[in-house]
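Reader: Could you walk me through this one, please? I am new to it and would like to take it piece by piece.

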Amino acid sequence: MFDSRPDRDAEVVLVGRSNVGKSTLMRELTGHTFDTGQRPGVTREPNHYDWAGPDFVLTDLPGFGFMKGVPEDVREEIKTDVVRYVEANAEKILVGILVVDGKSVVDIIDRHSGPDEIPHDVEMFHFLREVGVEPVVAVNKMDKVDDGDERLDDLCDRLGLHPPWQQWQETIAPISAKRGNIDALNEAVRHHLHEAQRDDLFQFF
Ligand SMILES: Nc1nc2c(ncn2[C@@H]2O[C@H](COP(=O)(O)OP(=O)(O)OP(=O)(O)O)[C@@H](O)[C@H]2O)c(=O)[nH]1
């Protein structure tokens, strides 16, 4: 199980399969340099960063799913730790950014859909909702995708969101972290943070 988190009121977490570009995205969001690319699965503990002010924490959780050279049981442990962390802190986590690889996500989902199997990304998306954390899907590596709209519509369909994707812009954010093109994600996250603040106010007024 992970160590304790910094004591902050609000948190945004990043989750995603290994190698989808989480570290690259963290670098874009925070300006810090992270260990990217070389060794999949290097992040085993949550990394916490202040974001948009001292009362805000952005947490990078370990990548889960297939990692070359990492045994199945270890991969399962990592995923369980991620799920437990989110569950334990769900009350303070306002947004869960699920990072996926836009080029491969639909194929991977389709390959792992079956009577006894739920693909990691689909499972994570629904899990976040179940524990009351707003999911925002950061569809990364869009620079590698030619038929963007079609791909995003397919992804919506797999997540149970009625296409066209354009009506889900608070949930589906196409980005290219490597190119520094993450406006759609910032917009979506900001939207949910404003909503959450409004909810807080409703408690008092
Ligand atoms: N084309 C393209 N490649 C990207 C983009 N973002 C990340 N990558 C590449 O994808 C690979 C994985 O990126 P990382 O940021 O290390 O991925 P990660 O999800 O942190 O990986 P783990 O450490 O395994 O969890 C690297 O080769 C990146 O350069 C993007 O927007 N477009």
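Reader: Which residues are buried in helix α4 (residues 120-130)?

Author: In this predicted model, H120, D121, M124, F125 and L128 are buried in α4, where buried means that 20 or more other C-beta atoms, placed from the backbone, lie within 10 Å of the residue's own, while exposed means 12 or fewer and partly exposed lies in between. Helices (H or I, at least four residues) and strands (E, at least two) are DSSP runs, numbered from the N terminus. Residues are numbered from 1 along each chain as its sequence is written. Local features need pLDDT of at least 70, side-chain atom pairs count only at pLDDT 80 or more, and totals for chains, interfaces and linings use all residues.

Reader: What covers the buried residues of α4?

Author: The cover includes β1, β4, α3 (105-111), β5 (134-140) and α5 (148-159), with contact meaning C-beta atoms, placed from the backbone, within 7 Å.

Reader: And α2, which residues are buried there?

Author: In α2, the buried residues are I78, K79, V82, Y85 and V86. Seen down the axis of α2, these fall within an arc of 120° (taken from the directions from the helix axis to the C-beta atoms), so they line one face of the helix. The face turned away from that buried side carries the exposed residues E72, D73, E76, T80 and R84.

Reader: Switching to the sheet, what is the order of the strands?

Author: The open sheet of 6 strands runs β2-β3-β1-β4-β5-β6, with mixed pairing, where two strands pair if DSSP finds at least two bridges between them.

Reader: How many bridges join β1 to β4?

Author: There are 6 bridges between these parallel strands, and V13 stands opposite G96 in β4.

Notes: Contact = placed C-beta atoms within 7 Å.
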